[in-house]
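User: Hello! I am new to this structure and would like to learn how to read a few of its features. Could you take me through them?

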Amino acid sequence: MIRINTPCFFALCTDRTEKECIEKGLFGDKEWRLLHLKSVKKGDVGFLLNITQDQLLGIFVAESEAQLDIDPKAWSGNFRAQIRVKLIDKLQRVEEASKKLEKIIGLRPIKRAQFPYRVPESNTYGPDITDKILLLFKTTDKVTAYFKIAQPEEIGSSPEYRFEDVAGLDKVKHFIYQRVLAPFEDEQKAYELRLRIGGGILLFGPPGTGKTLIAMAIAKHIQAKFIDISPSVIIGYPGEAERRIENIFASLDKEPRAVVFLDEAEWVLCKREEQTSSVMQRITPVLLAQLSRIFKRKEKPIIVIAATNKPAMIDTAFLRPGRFDRIFYIGLPDRDARSEIIKIHLKNRVNELDDDQISEIAEKLEGYSGADIENIIEDAAFNAFERRKNGNIKITKDDIISSVERMSKSVTSDEVKQIERWAEERGIET
Ligand SMILES: Nc1ncnc2c1ncn2[C@@H]1O[C@H](COP(=O)(O)OP(=O)(O)OP(=O)(O)O)[C@@H](O)[C@H]1O
Ligand SMILES: [Mg+2]
């Protein structure tokens, strides 16, 4: 595997515009695309995608940031968002580019009069994608030499959870889609309306209801790295926590998009005088300084998701516009969602439950959280395993019922009421 630890970006051309791109050493795009190309930095790897030939041309490196009209006369003034590039080594062409790219990144169709074609969903990608795309080219020696293969710390993960894996919560999922994700999908219209892409979100609700799952699904949906800056992660890591926070945020600069996740947010976002832990007293100012830096920076879509089950502890100053200003309640699952969660956890386990039995159990599980249900199914699997010497090990309805009887709800109705009262006081739908 190549490791050059450098982000990459794509520019499109056709047979008509290819020559000018290469001869001028200039990539161009529509003016409104400038916003999305702004995260390209000098030194990033560039690829040119010829959509007439379905060829990927490379390998280029950015010699300037994206700006308007580096060469106002290029392409007869049609592509004003421009980046100056330099070709490394000789020009190489990868055939059947869209098919090969599809295995690495998501593609979206573009409508053209003569033919349909699919292009990368975004202009910019992080270092892990660069490395995979470089493998499509025949020779990369000059490129790796050029970038001198740095091996810094890897940050974040690429989560696998999708929205379909989160049961129920339809209204809030839809709302998150409209307010957070849709602008990523229709960038031009979002730009024309100057919609905000990125920014802060607060997810609150009882424990074990899918807040972390949703945060990961958001990252997956926009193909972003998921970077966990929860206090327990930061403190749990060996070495000095402040240094680690600064390293994490510095490496964010290499990611064109990112989801930064702050669990147990009440620890960081509480009123200063209520900060009881001395470790947190030290770390909080460092984290807050980095977060406000992100909130101020508009050119890059970074979503910061804070999650809490103690919203009342949060200092409302953090919920003002421009901070964590999109607030969503993640409640306990309703009956249908409970059925779905049971099914999710039974899916890969031998069992003999039919849909009616599953709804019957779901009915009994009023007030249980998703995490409780996961535990119950796990426990039921142990019940079934007890029969391994002399019988059918498939999980039955009775296995589950006896687990339900043993396991109590992890969330009390008082806790739920308290959280919902906080929401009602702020006019947030529950
Ligand atoms: N809506 C849901 N759909 C599917 N699975 C769920 C759902 N809610 C909870 N689960 C299950 O419970 C587990 C815990 O969920 P998750 O970690 O997202 O909860 P959380 O809201 O972040 O809890 P906490 O407040 O304790 O951090 C998940 O791994 C999943 O298996
Ligand atoms: Mg969680």
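**Reading the features step by step**

Analyst: Gladly! Let us start with cysteines. A disulfide requires two cysteine sulfur atoms within 2.5 Å, and by this rule the count here is zero disulfides. Keep in mind that this is a predicted model.

User: Are Cys8 and Cys13 buried or exposed?

Analyst: Buried means under 20% relative accessible area. Cys8 has a relative accessibility of 2%, so it counts as buried. Cys13 is buried as well, with a relative accessible area of 2%.

User: Next, helices. At what angle do the axes of H12 and H14 cross?

Analyst: Helix H12 covers residues 335-346 and helix H14 residues 370-385; their axes cross at roughly 40° and come within 9 Å. Angles under 35 degrees count as roughly parallel and 65 to 115 as roughly perpendicular, so H12 is oblique to H14. The crossing of the two helices, H12 and H14, is right-handed.

User: Which residues of H12 and H14 meet?

Analyst: From H12 come Arg338, Ile341, Ile342, His345 and Leu346, and they meet Gly370, Ile373, Glu374 and Ile377 of H14. Sorted by class, this contact of H12 with H14 has five nonpolar, two polar and two charged residues.

User: Now the backbone. Is the peptide bond from Gly58 to Ile59 cis or trans?

Analyst: Omega is the angle to read here. For the bond from Gly58 to Ile59, omega is near 5°, and the bond is cis. You can find Ile59 in strand S4, which spans residues 55-62.

User: What about phi? Where does Asp54 lie, and what is its phi?

Analyst: Asp54 lies in the loop between strand S3 (45-50) and S4. Its phi is near 55°, a positive value in a residue other than glycine. Asp54 has 17% relative accessibility, so it counts as buried.

User: And what is the phi of Asp89?

Analyst: Asp89 is not a glycine, yet its phi is positive, at about 65°. This residue, Asp89, is found in strand S6 (residues 81-94). With 27% relative accessibility, Asp89 counts as partly exposed.

Terms used:
Residues numbered from 1 in each chain as written. Chains lettered and ligands numbered in written order. Predicted model: local features only at pLDDT ≥ 70, side-chain atom pairs only at ≥ 80, totals over all residues. Heavy atoms only, no water. Buried < 20%, exposed > 50% of the residue type's maximum accessible area, 1.4 Å probe, protein only. Axes fitted to C-alpha atoms, helices over the stretch in contact; angles between N-to-C directions. Helix = DSSP H or I, 4+ residues; strand = E, 2+ residues; numbered from the N terminus. Parallel < 35°, antiparallel > 145°, perpendicular 65-115°, else oblique. Left-handed = near helix turned anticlockwise from the far one by under 90°. Contact = heavy atoms within 4.5 Å. Nonpolar A, V, L, I, M, F, W, Y, C, P; charged D, E, K, R; others polar.
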